[in-house]
Amino acid sequence: MVDLVADIATNRDLSPSTIGLYGDWGSGKSSLMKLAQKKIEEKYPKNEKKKDTVKTQ
């Protein structure tokens, strides 16, 4: 699921988009988002100076 969220978030053809995560307290919503953020930041390092950089926060 982390890969899916990261792929949707970085797909320019789907931009702008909104990703909603729904679940009970403690079901892992925040953990999933942190893992997706880490995956995106690994793919698009912050030190890359490109005009089309992905923003994760």
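Predicted model: local features only at pLDDT ≥ 70, side-chain atom pairs only at ≥ 80, totals over all residues.
A search of the whole structure finds 1 salt bridge, and the pair that forms a salt bridge is K39 with D3, whose closest N and O atoms are 3.1 Å apart. This pair links distant parts of the chain, since K39 belongs to helix α2 while D3 belongs to helix α1 (residues 2-10), and the two residues are 36 residues apart. K39 counts as partly exposed, at 35% relative accessibility, and D3 likewise counts as partly exposed, at 45% relative accessibility.

The table below gathers the accessibility values of some residues discussed in this report.

| Residue | Relative accessibility | Class |
|---|---|---|
| K39 | 35% | partly exposed |
| D3 | 45% | partly exposed |
| M1 | 70% | exposed |

The length of helix α2 can be checked against what its residue count leads one to expect. At 1.5 Å a residue, the 15 residues of α2 should span 21 Å, and the C-alpha atoms at its ends are 21 Å apart, so the two values agree. Seen down the axis of α2, the buried residues of this helix fall within an arc of 70°, and they therefore line one face of the helix.

Which residues of α2 are buried? They are L32, A36 and I40. An α-helix has 3.6 residues a turn, so residues three or four places apart point the same way. What covers the buried residues of α2 includes α1, the helix in which D3, the salt-bridge partner of K39, is also found. The face of α2 turned away from its buried side, by contrast, carries K34, K38 and E42, which are exposed residues.

The start of the chain also bears on this part of the model. M1 lies in the segment before α1 and counts as exposed, with a relative accessibility of 70%. Although M1 and A36 are 35 residues apart along the chain, their C-alpha atoms are separated by 8.8 Å, and A36 is one of the buried residues of α2.

Notes
Residues numbered from 1 in each chain as written. Heavy atoms only, no water. Salt bridge = Lys/Arg side-chain N within 4 Å of Asp/Glu carboxyl O. Helix = DSSP H or I, 4+ residues; strand = E, 2+ residues; numbered from the N terminus. Buried < 20%, exposed > 50% of the residue type's maximum accessible area, 1.4 Å probe, protein only. Expected span 1.5 Å × (residues − 1). Arc of directions from axis to C-beta. Contact = heavy atoms within 4.5 Å.
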